[in-house]
Amino acid sequence: MMKFEPISYEVVTVGEEFFSDDFLIKPEDLETFAFAVDDHDPWYFEDSAFGGPIVHPVMMGNQALMMRHSRYIIPAGLHAKMHFEFVSPMRVGMRVRSYGKVIDKYEKRGRHYMVTEFQTREEGTQKVLTQGHFTQMLFSKSGVHEHAKNR
Amino acid sequence: MPKIDDSIVPGLRLPALKKTITQRNIDYYSGVRPHSIHTDPEWAKAKGFAAPLAQALMSTAYVSQMMTTWLGQGFVVGGKISASFIKPVLSGETLTAQAVVKAVEQIDGRCYVSVECWCENSQGEKTMVGSASGFSDHIRQPVLSS
């Protein structure tokens, strides 16, 4: 059984690995994403240059970002940087899972950050679909973010 | 033989995308849950924000839309986005995503184009800055230079 603990700069360790739950990409997921970002490109619903519809290239980004939730309680956090590399198109009906590893953590101007590299792969074939890395800010113990003071 | 599009030169500006981000857009994007700075207004307030925040990653979707519309398959396979999120975006704000060609190079005999991209809010403040790139040998929707 998993034991969850509040995330902090101190408990995150460079080298620790995460993975997401697997996710079956369903037609309704494309509709939801299209509405969320107001992008109803026919490539996602009708046909594309790849023969048949594909999935929005960044649609599974949240699966990667949420990997740390499989171990930690995250009261709040801010996403600082994102790097995507699109390797192979995703399609409806694929079952996908993201794998990640913490490759750095650092303090800058009094703020704490963690950097995670990731790959999103098709379950079974382990074919890499998307990869990259992202940087997330860890909130201070008070949970109130400095950026928020003038918002 | 892949075609080289001579009209793609540094300085070429892609058509801007304007997006007003409603709370409903955020709810669909992030999934509604309590104790979320994206979908729980009281929690966002407790964390110091005047309203729930749009997920920063939504801005990468706007860049992806611009690049997929323009480059098509050359972005979907072999494309990249690098983004730094420099200012939070609150529910209800309107963002404009923009991109300008910075470099055109040959990679393995194929033409590869890089753009500088950013999103700015209605006050003209940049909320995201970064770059995106992809192969331009199967242009889907040409960009007309102004």
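I began with a rule for strands: two of them pair if DSSP finds at least two bridges between them, and the helices (H or I, at least four residues) and strands (E, at least two) are themselves DSSP runs, numbered from the N terminus.

I noted that this is a predicted model, in which local features need pLDDT of at least 70, side-chain atom pairs count only at pLDDT 80 or more, and totals for chains, interfaces and linings use all residues. Residues are numbered from 1 along each chain as its sequence is written, while chains are lettered from A and ligands numbered from 1 in the order in which they are written.

**Between the chains**

With that rule I looked up E5(A) and strand E2 of chain B (residues 80–85), and found them antiparallel and joined by five bridges. In E2(B), Ile81(B) is the residue that stands opposite Phe84(A).

I then turned to the whole contact, counting two residues as touching if their C-beta atoms, placed from the backbone, lie within 7 Å, and it takes 35 residues from chain A and 34 residues from chain B. On the side of chain A that touches chain B, helix H1 (27–37), helix H2 (61–65) and strand E5 (77–86) of chain A each supply at least two residues, and E5(A) gives the most, with eight residues.

**Helix H1 of chain B**

Next I asked which residues of H1(B), residues 23–30, are buried, taking that word to require 20 or more other C-beta atoms within 10 Å of a residue's own, with C-beta atoms placed from the backbone. They are Ile26(B), Tyr29(B) and Ser30(B). They lie on the same side of H1(B) because they cover an arc of only 80 degrees around the axis, the arc being that of the directions from the helix axis to the C-beta atoms.

I also saw that the buried residues of H1(B) pack against H1 of chain A together with helix H3 (57–71) of chain B. After H1(B) comes Gly31(B), with a positive phi near 80 degrees.

**Strands within chain B**

I followed E3(B), residues 94–107, to E4(B), residues 110–120, and these run antiparallel with 11 bridges between them; here Ala97(B) stands opposite Cys119(B). Their hairpin has two residues between the strands, and Asp108(B) in it takes a positive phi near 50 degrees.

From E4(B) I went on to E5(B), residues 126–135, where nine bridges join the antiparallel pair and Glu120(B) stands opposite Lys126(B). This hairpin has five residues between the strands, and in it Gly124(B) takes a positive phi near 80 degrees.

Conventions
Buried ≥ 20, exposed ≤ 12 C-beta atoms within 10 Å, placed from the backbone.
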